[in-house]
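Subject: Structure for your review

Dear colleague,

Please find below the structure that I am handing over to you.

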Protein chains: 6
Amino acid sequence: MFQIIFLLSLFLSISNASVQDFCVADLKGSDTPSGFPCKPATTVTAEDFAYSGLIEEANVTNIINAAVTPAFVGQFPGLNGLGLSAARLDLGPAGVIPLHSHPGASELLIVTQGHITAGFVSSANTVYIKTLKRGELMVFPQGLLHFQATAGKRKAVAFPVFSSANPGLQILDFALFASNFSTPLIAKTTFLDPVLIKKLKSVLGGSG
Amino acid sequence: MFQIIFLLSLFLSISNASVQDFCVADLKGSDTPSGFPCKPATTVTAEDFAYSGLIEEANVTNIINAAVTPAFVGQFPGLNGLGLSAARLDLGPAGVIPLHSHPGASELLIVTQGHITAGFVSSANTVYIKTLKRGELMVFPQGLLHFQATAGKRKAVAFPVFSSANPGLQILDFALFASNFSTPLIAKTTFLDPVLIKKLKSVLGGSG
Amino acid sequence: MFQIIFLLSLFLSISNASVQDFCVADLKGSDTPSGFPCKPATTVTAEDFAYSGLIEEANVTNIINAAVTPAFVGQFPGLNGLGLSAARLDLGPAGVIPLHSHPGASELLIVTQGHITAGFVSSANTVYIKTLKRGELMVFPQGLLHFQATAGKRKAVAFPVFSSANPGLQILDFALFASNFSTPLIAKTTFLDPVLIKKLKSVLGGSG
Amino acid sequence: MFQIIFLLSLFLSISNASVQDFCVADLKGSDTPSGFPCKPATTVTAEDFAYSGLIEEANVTNIINAAVTPAFVGQFPGLNGLGLSAARLDLGPAGVIPLHSHPGASELLIVTQGHITAGFVSSANTVYIKTLKRGELMVFPQGLLHFQATAGKRKAVAFPVFSSANPGLQILDFALFASNFSTPLIAKTTFLDPVLIKKLKSVLGGSG
Amino acid sequence: MFQIIFLLSLFLSISNASVQDFCVADLKGSDTPSGFPCKPATTVTAEDFAYSGLIEEANVTNIINAAVTPAFVGQFPGLNGLGLSAARLDLGPAGVIPLHSHPGASELLIVTQGHITAGFVSSANTVYIKTLKRGELMVFPQGLLHFQATAGKRKAVAFPVFSSANPGLQILDFALFASNFSTPLIAKTTFLDPVLIKKLKSVLGGSG
Amino acid sequence: MFQIIFLLSLFLSISNASVQDFCVADLKGSDTPSGFPCKPATTVTAEDFAYSGLIEEANVTNIINAAVTPAFVGQFPGLNGLGLSAARLDLGPAGVIPLHSHPGASELLIVTQGHITAGFVSSANTVYIKTLKRGELMVFPQGLLHFQATAGKRKAVAFPVFSSANPGLQILDFALFASNFSTPLIAKTTFLDPVLIKKLKSVLGGSG
């Protein structure tokens with residue numbers, strides 16, 4: 001055995017200490033534009049590359065009869081630097097994931113249960129909509145407004161995946177009505193009626 | 001002179017034919033994910049690197065008392081592949097560039113006349129707003145909803161620049177109310193009132 | 001209606017002709033390092049952004065009791081330039097996707113049925129292995145050898161997704177034994193026994 | 001209000017703590033190849049996204065009758081990771097920004113006052129020169145030598161923007177004559193006369 | 001001299017403190033997906049940009065009659081963030097660098113002594129092989145299995161360079177037979193004979 | 001054999017037609033920002049991945065006693081899209097590669113014969129110089145002015161490699177004195193003496 005190690009060290013004069021094929025996030029370190037600092041390779045185990053947080057069906061007893069459970073780098077540190085992340089969509093009957101965008105990633109949706117109507121709007125104001133069934137895919141180009149909604153009466157499940165470990169998620173209604181965006185400014189920049197804005201803020205928790 | 005050329009060819013055995021430091025777009029060619037094919041270097045002149053389309057003040061006698069004049073790769077082919085583009089904002093008194101996002105770029109705004117109130121909303125539903133005067137800058141991270149509006153009573157001018165030659169531009173009101181996005185689907189995915197949606201569609205030209 | 005269009009053209013002096021948020025592949029055009037040329041935006045429909053080729057369970061009556069069905073840009077042109085693709089793995093009882101790598105992408109595996117044992121080997125010759133159940137994820141960093149195999153006696157299904165529209169797929173056994181890689185060179189560069197190499201070539205169809 | 005928060009948390013099981021759409025530089029942290037570490041999102045305010053350092057006309061009573069005022073990541077930390085920065089050029093009568101290059105970025109120049117003659121030299125030793133007026137743009141591809149000079153007798157102002165938050169700035173005369181580059185080596189690698197080199201060093205402060 | 005500095009500071013109001021054209025690795029800092037944090041610019045010297053570790057011919061008295069000496073970022077911190085690294089291959093008579101891949105980089109091989117037969121296998125299972133002499137180059141696209149072997153009876157030397165400061169190196173035999181990859185799993189995922197696997201593990205030091 | 005193909009097609013339902021791990025340049029096609037279009041994979045052979053143009057020592061009987069022989073994508077199409085290229089430097093006694101920069105790439109220099117003094121100047125006007133011997137490396141960060149010169153009395157050879165298939169090459173003296181850059185403008189933007197400029201133009205072939 002001693003001889004083998006000796007042979008190896010002769011053959012390949014490389015210090016493994018600084019060789020990493022991956023960069024599991026140390027979430028306690030400061031984020032950078034390319035992602036989090038890496039955990040020391042010596043502390044990385046197989047557990048770092050797997051994630052169990054999307055197994056369970058989420059509770060959809062809420063205002064949208066739907067839920068989004070993310071597996072972004074904040075939840076699944078093994079994704080750091082690898083340009084990929086995922087989420088789980090649970091859609092009850094009449095469920096809807098409201099109009100939203102991912103500022104930092106394109107999305108590829110994989111439907112695994114039920115039927116889902118999904119669509120996006122392009123910069124040219126064209127709407128692309130499809131109703132998808134189990135096993136079908138749909139892609140939403142980066143940064144564009146899109147939605148998913150239950151088609152039919154049964155619940156549906158899908159796994160969206162993203163071209164970034166940290167895709168971001170801007171939900172239109174939350175940006176407008178669950179924020180401190182002032183009602184006059186929203187009215188001015190969207191042409192929506194202030195009365196309506198205030199009403200939606202009261203439902204979604206916005207101020208201003 | 002003959003000798004010089006001889007010396008140069010001895011010194012540097014490089015065929016200039018395939019050496020390009022730039023790639024002025026041939027807009028008649030097919031776009032690719034990295035941009036348009038390049039014009040032959042031999043046909044490129046200084047004109048290709050300059051653009052005069054933002055000199056004139058745009059007419060702001062319209063519904064928003066404002067105008068956006070782009071200098072993207074489609075208008076200014078010299079930008080192709082260089083990761084930069086620009087536009088001109090003209091804001092009349094009470095003018096507003098409604099809530100919008102650029103799916104493919106961050107934006108840096110340079111105010112050159114008047115006062116402008118600008119802001120964006122983050123994925124965490126935080127609103128960042130500033131009133132800017134001549135010479136001030138504001139940056140809007142990629143893909144997030146943002147707006148610009150005249151502050152004060154005088155007209156304002158600004159030059160936004162973008163981190164892509166083709167940043168895209170999705171205007172929220174146009175995506176919703178100047179498209180063929182069906183009213184029931186908009187209502188379902190935004191919680192907006194169908195009556196309001198139809199009213200805004202009638203103003204902005206939407207169908208469905 | 002005329003007035004609306006007039007207002008829009010006043011407001012936004014942009015030629016939509018060259019604005020694309022996406023670049024659906026024209027597979028008849030020549031590929032480039034960034035992907036295929038784009039179909040004209042005017043011919044793009046919602047169909048271009050959806051894909052149905054992964055719906056069906058693949059036949060696994062073969063040597064590995066398993067099948068890989070890709071949805072790369074060659075099959076799903078809407079992915080072009082978006083940095084994402086997918087595939088479907090069908091694993092029969094005792095099925096195995098043999099050791100392989102994706103030269104151009106990291107992989108995120110989503111298990112949707114059954115149990116799968118999966119693993120990869122790092123540059124430091126460490127093996128990271130996990131047994132995953134329905135709803136669990138595992139990530140395989142770019143370019144590293146990895147495998148998936150049925151765990152338990154029931155069939156399994158998973159959807160791997162990739163950080164490129166064209167991730168590539170190099171299957172170790174095929175690279176060695178289904179190619180024209182000469183037996184002496186394989187023996188020399190892998191230390192495998194020539195007799196064994198020839199036997200595996202006869203099974204997998206290799207020459208040389 | 002309690003109910004709203006409850007609904008939101010049901011709907012979107014995401015920890016905002018690690019979600020950032022931006023990465024405002026913590027300039028006290030160590031720079032990385034992708035930029036500085038991010039300030040904690042909780043301490044970020046609208047002030048971080050705006051910059052006032054380019055408002056004032058710079059003093060041009062100097063050797064070049066001109067001044068460059070940068071708004072790079074070191075001055076404007078909100079630009080970190082966003083692939084954009086800017087500067088202000090003040091050019092007095094007969095002012096000139098001497099031949100220089102930006103090693104890490106392309107430049108797009110926006111003229112906002114007066115007339116400016118600008119140009120760059122390509123790898124093929126072709127010179128592209130234009131005289132620009134207020135509102136005109138010119139682009140300088142990455143890494144190439146270029147200059148700006150006042151055209152006409154009145155002062156001029158322009159805002160160059162860059163395709164990186166940290167574009168770098170190598171001024172030819174400073175590289176040669178304000179550095180410790182030894183006179184014999186400069187002479188050897190540029191064919192310039194040592195007497196001239198020493199004279200320019202005495203003006204610009206070089207040593208060696 | 002005082003006046004010069006005054007003139008410079010008037011001319012160019014830039015703080016050099018945060019301006020770096022390079023990012024020499026501080027290997028004691030935590031790696032990130034884009035590389036290591038930068039050493040302070042004030043401590044960087046010419047030594048940081050040069051490397052002497054590839055001067056010496058390596059000992060090739062080992063199992064493969066060959067040696068790989070890397071100059072990756074871990075050995076040569078000046079490469080950090082610059083997208084380049086190198087190594088030295090010493091090949092004795094009958095030497096071979098066994099089948100391997102670089103998960104994070106393409107490779108360009110420069111032969112500087114002797115003759116080398118090199119080749120790679122593509123995803124389409126095509127083998128591309130060339131015998132190279134002194135001064136010849138060969139490129140191995142990212143992530144694909146490739147090898148180098150002495151051609152002829154004399155020793156050979158080559159310098160491979162890589163498109164990343166940290167290209168990784170996965171040697172097939174080491175991944176399989178010098179790791180803790182269990183014999184039954186290797187057999188299952190490669191179709192290799194368990195007896196052979198155990199034999200190779202005993203030579204190369206693998207366990208499991 | 002028929003059965004094998006049948007098994008393979010069952011196992012892996014992938015069309016190889018659009019799968020490429022590489023993109024050998026079709027130099028007759030139009031360049032794009034990411035490189036040239038790809039040759040059809042079916043016409044690619046091992047020859048495409050090798051290059052013999054750097055074998056021969058170049059003639060250095062010229063004004064600089066040196067020669068640069070490039071192996072960029074224009075000469076070596078197999079490099080297209082792979083982020084790497086190379087060149088050969090031949091330096092006679094007293095040879096010098098004059099001050100130059102590569103606008104699109106960092107450079108790593110490998111000395112293979114003789115002694116070379118090399119250096120670069122940073123944006124902070126610091127000069128980093130080293131004298132290198134056979135087997136030593138030096139890195140020149142992207143876009144910065146640098147030079148190489150023979151050290152000692154014997155000829156030297158080196159292979160610079162670049163982080164782009166098309167790094168560009170801007171030689172300072174050629175940009176100024178072998179171009180049509182007008183003498184008054186050069187004088188204005190460099191502070192060089194017009195008489196000297198004209199003298200150097202007469203040697204190097206410049207006009208204007």
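To begin with the contact between chains B and A, 36 residues of chain B touch 36 residues of chain A. Please bear in mind that this is a predicted model. On the side of chain B that touches chain A, at least two residues each come from the strands β4 (96-101) and β9 (146-151) and from the helices α2 (172-177), α3 (183-190) and α4 (194-204). The residues of this side of chain B comprise 20 nonpolar, 13 polar and 3 charged.

Chain A also meets chain C, and here 42 residues from chain A and 42 residues from chain C take part in the contact. On the side of chain A that touches chain C, β1 (50-51), β5 (107-113), β7 (127-133), β8 (137-140) and β10 (156-162) of chain A supply at least two residues each. Which of these strands gives the most to that side? It is β7(A), with 4 residues. By residue type, the side of chain A that touches chain C holds 28 nonpolar, 10 polar and 4 charged residues.

Strand pairing also links these two chains. Strand β1(A) pairs with strand β8 (residues 137-140) of chain C in the antiparallel sense, over 2 bridges. Within this region, A:Ala50 is placed opposite C:Met138, a residue of β8(C).

Turning to chain A by itself, the chain contains 4 helices and 11 strands. Its radius of gyration is 22 Å, whereas the globule rule gives 17 Å for 208 residues; the computed value is well over that figure, so chain A is more spread out than a compact globule. Along the principal axes, the C-alpha atoms of chain A fill a box of roughly 80 × 40 × 35 Å. Of the 208 residues of chain A, 65% count as buried.

C:Glu56 lies in the loop between β1 (50-51) and β2 (66-71) of chain C. Is C:Glu56 buried or exposed? C:Glu56 counts as exposed because it has 11 C-beta neighbours inside 10 Å, and a residue is classed as exposed at 12 or fewer. Between C:Glu56 and C:Leu108 there are 52 residues of separation in sequence and 21 Å in space, taken from C-alpha to C-alpha.

Yours sincerely

Notes. Residues numbered from 1 in each chain as written. Chains lettered and ligands numbered in written order. Predicted model: local features only at pLDDT ≥ 70, side-chain atom pairs only at ≥ 80, totals over all residues. Buried ≥ 20, exposed ≤ 12 C-beta atoms within 10 Å, placed from the backbone. Contact = placed C-beta atoms within 7 Å. Nonpolar A, V, L, I, M, F, W, Y, C, P; charged D, E, K, R; others polar. Pairing = 2+ DSSP bridges. Rg over C-alpha atoms; globule rule 2.2 N^0.38 Å.
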